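This report describes the nonpolar cores and the strand arrangement of one protein model. Please examine the sequence and the structure shown here before reading on.

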Amino acid sequence: MADAARKLDTIDVRPAYTQEDADALNARFAGVDTLEMLRTVFDEKLLGKTAVVSSFGTESAVLLDLIARVDPTVPVVFVDTLKMFPETERYRVQLLDRLGMTNRDVVTPDAAVIEAKDATGLRWSYDPDGCCAIRKVEPLARAKQGLDSWISGRKAFQSQTRANIPRFEIEDGRLKMNPLGDWVKADLEAYFAERDLPRHPLEAEGYLSIGCQPCTSVVKPGEDPRAGRWRGWDKTECGIHTDNVSELPSF
């Protein structure tokens with residue numbers, strides 16, 4: 001009779017992916033062409049439930065076009081901080097329409113948090129880390145709930161803080177894929193030309209890395225491509241590329 005007794009259900013709370021998984025994927029796809037790698041990853045369903053996160057900046061079209069060539073139904077997540085350039089908002093629609101990507105997810109900050117912590121809309125001017133935390137990091141963390149993995153457009157050449165980006169890494173228990181991690185500016189330019197992709201309208205004005213309007217400025221000749229972000233502050237990242245969302249700045 002003991003064998004017939006109902007066994008208690010258990011919940012598997014282990015991360016879907018481990019560092020060993022990321023290491024194995026990096027080894028398997030070392031030196032493999034990016035498009036070929038993406039096709040294999042999606043054909044073999046190696047990412048589980050996934051989404052591509054895009055800022056719709058000056059280089060975003062490359063990653064999105066590559067993904068669309070493999071699987072245009074992949075969800076595209078955009079964090080609208082409510083401080084974006086109107087040109088970025090228009091570019092997002094134009095680019096996704098062009099690529100035939102209709103699975104679009106726009107996530108915005110929690111209205112109650114904004115009312116409590118940034119009612120004037122000026123937190124960016126005295127606490128950019130706190131502003132990013134409530135307007136970008138928390139909304140994206142919310143959007144990633146239920147995902148096994150996510151796809152990022154980070155590239156190592158963009159700044160010294162992004163050097164040595166692996167194609168696969170583990171972040172907060174999820175697999176994070178950086179298909180363009182080893183691409184350089186010349187690779188991107190060649191791909192833009194080959195695929196005749198539309199450019200962000202602000203790029204021609206000298207905006208080489210585009211985020212929220214108040215914290216983005218024109219990049220001067222010879223500067224790091226991300227020098228126009230949070231100019232004057234000791235800050236180089238918004239915070240979404242963190243190892244643990246539990247370590248986000250307090251609101």
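## Surroundings of Leu-64

In this predicted model, Leu-64 is in contact with Val-52, Ser-54, Phe-56, Val-76, Leu-95, Leu-96, Leu-99 and Met-101, leaving aside residues up to four places away in sequence. Leu-64 also belongs to the largest nonpolar core, where Leu-64, Val-62 and Phe-168 have the most contacts.

The largest nonpolar core comprises 39 residues. At least two residues of this core come from each of α1 (19-28), α2 (34-43), α3 (60-70), β2 (76-79), α4 (86-99), β6 (174-177) and α7 (185-195). The largest share belongs to α3, which supplies seven residues.

A second core is separate and has nine residues, including Val-77, Val-79, Leu-140 and Trp-150.

## The two sides of β2

In a regular strand, side chains alternate between the two faces of the sheet. On β2, Val-76 and Phe-78 point one way, while Val-77 and Val-79 point the other way. All four of these residues are buried.

## Neighbours of β2

Strand β1 (residues 52-53) runs parallel to β2 and is joined to β2 by two bridges. Val-52 has Val-76 as its bridge partner in β2. Together, β1, α3 and β2 form a right-handed β-α-β unit.

Strand β3 (residues 104-107) is also parallel to β2, with four bridges between them. Here the bridge partner of Val-79 is Val-107 in β3. A right-handed β-α-β unit is likewise made by β2, α4 and β3.

Note on methods. Residues numbered from 1 in each chain as written. Predicted model: local features only at pLDDT ≥ 70, side-chain atom pairs only at ≥ 80, totals over all residues. Heavy atoms only, no water. Core = buried A, V, L, I, M, F, W, Y, C linked by side-chain atoms within 4.5 Å. Buried < 20%, exposed > 50% of the residue type's maximum accessible area, 1.4 Å probe, protein only. Contact = heavy atoms within 4.5 Å. Pairing = 2+ DSSP bridges. Right-handed = clockwise from strand over helix to strand, strands pointing away.
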